[in-house]
Amino acid sequence: MDDKSKKQINNRYEQELNKGEFFWPDSIFKDVIVSLGIFVLVLLLATFVGVAPEPKADPSDSTYIPRPEWYFLFLFKFLALYGQIPLLGKIEWLATVLIPGIAIGILTLLPLIEKSPQRHYSKRALPLSIMAIMLVGIVLLTLTSEVPTVSEDGSTLLGLLQALAGLAIPGAGMIVLLLMSYVFKSSARLMAWTAGLVALSMILISGTVLAFAPERAAEDTEVATTIVDQIFAGQDLYSIHCVECHGDDGKVEVIEGVEGLEGEKITPINSRDVLYTVTDSAMVEVIAYGRPNAGMPPFGKAYGAELSKSEIDYIVVFMRYMWDDRFEVPQEALKPLFPPLAKGEVPSYDVHIQPIVKRYCVSCHRAGKENNNYLMTSYEEILTTGDNVDYNIIAGDEASYFLQVIQETPIMNPEKPDEELIGVMPPSRALKPNVVGALVRWIMNGMPRTAEQAAGLFVPPAPEATPTP
Amino acid sequence: MSDSKELSRRDFIKVTTGIVGGAIGLALGLPSISYLIDPALREGGKEAWIPIGRLENMEIGKPYQFSFTRVQVNGWERTSSSFGGYALRNSEDPNDLLILNSRCTHLACTVNWSEQAGAYLCPCHDAKFSPTGEVLDGPPPRPLDSFAEHRLTEDGVIEIFFKAG
Amino acid sequence: MWKKVYEWMDERLGLNEIYTSLLDRPEPKGNWWNTLGSASLFLFLLQGLTGIFLTVYYTPSPDHAYDSIQYIMEGVAYGWLIRGIHHWGATLMVIVVFVHMLRVFVTASFKYPRELTWLIGIGLLLATLGMGFTGYLLPWNQRAYWATTVGTQIAGTVPFIGEFILKALRGGPDLSALTLQRFFSAHIWMLPAVLAGFIGVHLYLIIRHGESHWPKRED
């Protein structure tokens, strides 16, 4: 830039200063107002949206779908789309290094590239058009980042459209704009229209993609944040995975009723011998890897089973707080399994039966276990599954198989009277009387599902006969 | 600046800027202070009845050593700390019992019963306590602490009332 | 009394000079878009303050990072607020810094005599993104772990030296305690130092050249 235009610029700036304002207090006032607005916004977001809890990092859980922080999503999506390009898509570093590198390089060296002293937008059609396309592209890539490039039915149409809107059109648009500027010397107006058209077509295509994108089920992973929540989460997991062999209180010394492990002697896991000598991390490993030689299967995802690292941690927390006498259980963690039933009150599945079933039954009565095909993970399953479904739960019938076996009366096989068709349940230990009572009342009163349905069946206890004077 | 008593635009802006700045400072500062000093305001551990041993194992007139462990949650870390002491029966009466904390009252080292000396000796600064916990020698400012509340359960186990903190 | 104290201080600190050169400057008529720079600075200070408070409880180790943040969220008074501000402040800072860059681009304020201001500004933008990237790993949760695994893997695709960059970023071939520790160090020491230094130069340049005026048709 020659001295003349420099001087021109400086003079021009002097002019503006003369009819300007003062940094303090005029500018700072505006700055402070904007900062206050931002601060209030941050406070509102922190208070009412908060930070979503996430499970602990688990390197063994390869099923997790990684997502970067939202402001890197456009890059993430760009890479995914780029990978679709035949041949070129295989040369990954072009997209991961070269293209972002060129973009950042151009941005950094911008003052050296765009050397003209002109500042008004009407004289800067090319840079503004290219930036507009880039910006629209970044926003659209971010918005469509969750849309898969290959649909579940194998169609690549969505992927093609995305590649069109995210790569082809903006790329072509920029080349056309460069040509217009340097080769055809087009007018600024024409270039602005071109850029607008490119942006519009990108928005329309991406909008279509978003409209037809398969809805992704929001995966909500439950994260227990407080100790009490962790104890409950651990208890639920323990009930499902561990109760079968170790019993609901960890006391079992000889396994009963478990296929293949019948009569196996084990150390009670609620004993001091175990709790005082096995550290948390050792316990986590035992649960994750199991003790295959001693008959305990693995439970951790690291060894091909179901439980994540966080879930195993919850089980350990549960064992510590409930069984280890060096720990003080928070009062809230000691609430009863289900609210006690008043006289004449009918239990409902939602409030009373579900927690019972979860604690004592689901461990075996779920898919993949030896259980006469009787599953108990939902209301429907409890009523409609099992080899003996016709006799199992009959409303108001005390002879229901279900009620007999939980009251220590095995069902004999009608064809071979000395063979048990169904043994007593649960096999290892009888249920507590209040639990049996709740189950009996539930079936005798027609298995209501919700609390409202149960309330409708409430039979007020007959008023005691008042002796007439 | 204008001489009139009315607030000039300039002054108004200055005052507003100051107020807004102060408000942001307060909105951030007060919770921050609370955040920083929070652990100091927490209550210590909960109280509990701790079994220390069977009554029949404690000889009359001879200190019976016991120890127990409590787990405290400090932040996200579970710290197990050990405590110990000596129970001294004075007579057949199961309630006639002196239960001393073996933590030296000087600088919290653990004292040991020495049969030879007939006293509790502290290994750190050579303090000496009588079987009943009185200071015989050395720097401690006061006698050994005792667990005043104790009880005998149905199974013949002595339990002490313990409150950490 | 106060006047005397002020005069004594002024004699030694040169408060009046600072006032005239720093605050009492004439400027072109401002526009609300001109506040984005100071808004970025405000967010930087807010992030710095809440970040410092977070380190009071946060522990950068794979064994404790997650639990210590859990404790900040549930166990400490207003911990949720401090972390919430830091979390959302980061998001807003990226937006504000980016929009600030766009504003400067659109008004062509990067041109003579403010080329260096722009250059430093790009450094600030990249450092801000770096803060986002390194800070994302620190909670050591599933999102953080896997996002960083992929993110560092991308750096590993650089031809010839990719493997080396990957190992340098992670402090080894795998994401480990070393990765967490060096990301923590970068997040609380190196990048903030770079940011603070750049901000200083950026501000000096702004004061030296004055804020650019909103371009008119004749510019």
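Two strands are taken as paired where DSSP finds at least two bridges between them, and the strands (E, at least two residues) and helices (H or I, at least four residues) named in these legends are DSSP runs numbered from the N terminus. The model is a predicted one, in which local features need pLDDT of at least 70 and side-chain atom pairs count only at pLDDT 80 or more, while totals for chains, interfaces and linings use all residues. Residues are numbered from 1 along each chain as its sequence is written, chains are lettered from A and ligands numbered from 1 in the order in which they are written, and side-chain values use heavy atoms, with hydrogens and water left out.

**View 1. Strand pairing between chain A and chain C.** Strand S1 of chain A (residues 21-22) and S1(C) run antiparallel and are joined by two bridges. Within this pairing, A:Phe22 has C:Pro26 of S1(C) as its bridge partner.

**View 2. The interface of chain C and chain A.** Contact, meaning heavy atoms within 4.5 Å, involves 83 residues from chain C and 77 residues from chain A. The two chains bury about 7,500 Å² between them, 67% of it on carbon and sulfur atoms, where buried area is the accessible area (1.4 Å probe) that two parts lose on being put together, summed over both. Of the area that chain C buries against chain A, 10% is supplied by C:Phe105, C:Tyr112 and C:Gln142, more than by any other three residues.

View 3. A:Arg12 and C:Asp219 meet through their side chains in a salt bridge, at 2.9 Å from N to O. Between chain C and chain A there are also 33 residue pairs in polar contact, with both residues at pLDDT 80 or more; a polar contact is a pair of N or O atoms within 3.5 Å, for which, within protein, one atom must be able to donate a hydrogen and the other to accept it, and residues adjacent in sequence count only if both atoms are side-chain atoms. The elements of chain C that each supply at least two residues to the side touching chain A include helix H3 (36-55), helix H5 (79-106) and helix H6 (115-137), and H5(C) gives the most, with 18 residues. By class, this side of chain C has 46 nonpolar, 20 polar and 17 charged residues, where Ala, Val, Leu, Ile, Met, Phe, Trp, Tyr, Cys and Pro count as nonpolar, Asp, Glu, Lys and Arg as charged, and the others, Gly among them, as polar.

**View 4. The interface of chain B and chain A.** Here 16 residues from chain B are in contact with 19 residues from chain A, and the two chains bury about 1,800 Å² between them, 65% of it on carbon and sulfur atoms. The count between chain B and chain A is zero for salt bridges, and it is likewise zero for residue pairs in polar contact with both residues at pLDDT 80 or more. Helix H1 (9-41) and strand S2 (64-74) of chain B are the elements that give two or more residues to the side of chain B touching chain A, and H1(B) provides the largest share, ten residues.

**View 5. Domain 1 and domain 2 of chain A.** Chain A is divided into domain 1 (53-212), domain 2 (227-333) and domain 3 (349-456), with bounds that come from an automatic or database domain assignment. The centres of domain 1 and domain 2 of chain A, taken over C-alpha atoms, are separated by 51 Å. Seven residues of domain 1 are in contact with six residues of domain 2, and these two domains bury about 500 Å² between them, 50% of it on carbon and sulfur atoms. A:Lys56, A:Asp58 and A:Ser60 supply 68% of the area that domain 1 buries against domain 2, more than any other three residues. One salt bridge is counted between the two domains, and A:Lys56 forms a salt bridge with A:Asp313, the closest N and O atoms being 3.8 Å apart.

View 6. Most residues other than glycine have a negative phi, and most peptide bonds are trans. A cis peptide bond, with omega of about 5 degrees, joins A:Trp24 and A:Pro25, and A:Pro25 has its place in helix H2 (residues 23-49) of chain A. In chain C, a cis peptide bond joins C:Tyr112 and C:Pro113, with omega of about 5 degrees, and C:Pro113 is found in the loop between H5 and H6. C:Tyr78, a residue other than glycine, has a positive phi, near 60 degrees, and lies in the loop between H4 and H5 of chain C.

Notes:
Salt bridge = Lys/Arg side-chain N within 4 Å of Asp/Glu carboxyl O.
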